[in-house]
Amino acid sequence: MKVVVSERAKRNRNQIAGYILRTFGEKTLLEFRDAYKKTKEYIAKYPTGCEVEEKLSDKERTYRFTSINGLTKLVYRIDEDKEVVYIVDMWDVRKEPPISVE
């Protein structure tokens, strides 16, 4: 499946990357980028391979989530008709989660 990243998720990914670079350095940033890339590859190949996020899912949409390096939560949904996985949001789990993802 194709993976599409929302603007919100891109913005949050860039904020997380900036924080990692400032706090932990370039090596850790490269590890985060590699883990992010592998996560995207995994959900493209196995879109239903991650747990359902019950707090966000409703009758219209099912959201799934996974973790990147244990500190970043990535939330996505699947559009099987279009064969697309949409990464809708991601955030540092040490912060408050967003109220909604879209």
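Six salt bridges are found in this structure, which is a predicted model. Side chains of opposite charge can pair when their charged atoms come close. Here are three of these pairs, followed by the protein as a whole.

**Salt bridges**
- Arg-8 pairs with Asp-89, and their closest N and O atoms are 3.0 Å apart. This pair links distant parts of the chain, since Arg-8 sits in helix α1 (residues 7-24) and Asp-89 in strand β5 (residues 84-92), 81 residues apart.
- Asp-89 counts as buried because its relative accessibility is 1%, whereas Arg-8, at 26%, counts as partly exposed.
- Lys-38 forms a salt bridge with Asp-34, at 3.2 Å from N to O. Both residues belong to helix α2 (residues 26-45) and are four residues apart, about one turn of the helix. Asp-34 is partly exposed, with 36% relative accessibility.
- Asp-92 and Arg-94 also meet in a salt bridge, at 2.7 Å from N to O. Asp-92 is buried at 10% relative accessibility, while Arg-94 is partly exposed at 47%.

**Charge and surface**
- You will find 21 positive and 18 negative side chains in the protein, with the centres of the two sets 5 Å apart.
- The accessible surface is about 6,900 Å², and carbon and sulfur atoms account for 48% of it.
- Of the 102 residues, 38% are buried.

**Overall fold**
- Two helices and five strands make up the list of elements, in the order β-α-α-β-β-β-β along the sequence.
- The radius of gyration is 13 Å, which agrees with the value near 13 Å for a compact globule of 102 residues.
- The C-alpha trace spans about 40 × 30 × 20 Å along its principal axes.

Methods
Residues are numbered from 1 along each chain as its sequence is written. This is a predicted model: local features need pLDDT of at least 70, side-chain atom pairs count only at pLDDT 80 or more; totals for chains, interfaces and linings use all residues. Side-chain values use heavy atoms; hydrogens and water are left out. The radius of gyration is taken over C-alpha atoms; the globule rule is 2.2 Å times the number of residues to the power 0.38. Buried means under 20% relative accessible area, exposed over 50%, partly exposed in between (1.4 Å probe, protein chains only). Accessible areas come from the Shrake-Rupley method with a 1.4 Å probe; for residues, only the protein chains shown count as cover. Lys and Arg count as positive and Asp and Glu as negative; His and the chain ends are not counted. The place of a charge is taken as NZ of Lys, CZ of Arg, CG of Asp or CD of Glu. A salt bridge is a side-chain nitrogen of Lys or Arg within 4 Å of a carboxyl oxygen of Asp or Glu.
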